[in-house]
Amino acid sequence: MSRVDYDLTKIDGIVFDVDGVLSPSTVPMGEDGKPTRMANLKDGYALQHAVKRGLKIAIITGADTPSIVSRYNMLGINDVYIKASRKLPILKQWITANGLTRERVAYVGDDIPDFECMRHVGLSVAPADAAPEIRDMAVYVSPVVGGYGVARDIIEMVMKARGMWMSTADAFGW
């Protein structure tokens, strides 16, 4: 049985924020003043596996960091949106372009800029260390803090519910 109060077999697409979700909320600053983000390898495995199995995956972030696009493109994610000052219009366009409905999408966010998107989808997910307003409105609050496996947590549960986790030979490689 799932820890999530939602029918995970309905989820066809998952959208992720970056800072505080796919990377920790605290990031080191480079000499140029730009943040240097970390990436969780278990999240990376789950993301690329989900793409290979046909789940729609997108990244929407306010960050202006081209390395984010490179990182997630390497994992097979083509829908990576950076410099998103307002995320909801991008989310709505992505849902329509991928032939999805709101109920079939999960959004993982951690702070106020994610609020509108999380209200718009069927399954809103927050990491354990999300802002209180986000944790309070999320359908599922992961026991994992941002940057340390939140993507793996939700992807693994969705794929298990759909019979897609470790179910084909491609699961055992990158």
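## Helix α3 and its buried side

In this predicted model, helix α3, which spans residues 88-97, has Leu88, Leu91, Trp94 and Ile95 as buried residues. Because these residues cover an arc of only 125° around the axis, they are placed on the same side of α3. The cover over the buried residues of α3 includes the strands β1 (13-16), β2 (56-60), β3 (79-81) and β4 (105-108), together with helix α4 (115-120).

On the face of α3 that is turned away from the buried side, the exposed residues are Thr96 and Ala97. Just after this helix, Gly99 adopts a positive phi of about 65°.

## Positive phi at non-glycine residues

Lys83, which lies in the loop between β3 and α3, has a positive phi of about 60° although this residue is not a glycine. Its relative accessibility is 52%, and because exposed means over 50%, Lys83 counts as exposed.

Met166, found in the segment after α6, likewise is not a glycine and has a positive phi, here of about 55°. With a relative accessibility of 51%, Met166 also counts as exposed.

## A nonpolar surface patch

Met38, Val145 and Tyr148 form a nonpolar patch on the surface, and together these residues have about 280 Å² of accessible area.

Terms used:
Residues numbered from 1 in each chain as written. Predicted model: local features only at pLDDT ≥ 70, side-chain atom pairs only at ≥ 80, totals over all residues. Heavy atoms only, no water. Patch = residues over 30% accessible without salt bridge, like charges linked within 9 Å, V, L, I, M, F, W, Y side chains within 5 Å. Areas by Shrake-Rupley, 256 points an atom, 1.4 Å probe, with all protein chains shown as cover. Salt bridge = Lys/Arg side-chain N within 4 Å of Asp/Glu carboxyl O. Buried < 20%, exposed > 50% of the residue type's maximum accessible area, 1.4 Å probe, protein only. Helix = DSSP H or I, 4+ residues; strand = E, 2+ residues; numbered from the N terminus. Arc of directions from axis to C-beta. Contact = heavy atoms within 4.5 Å.
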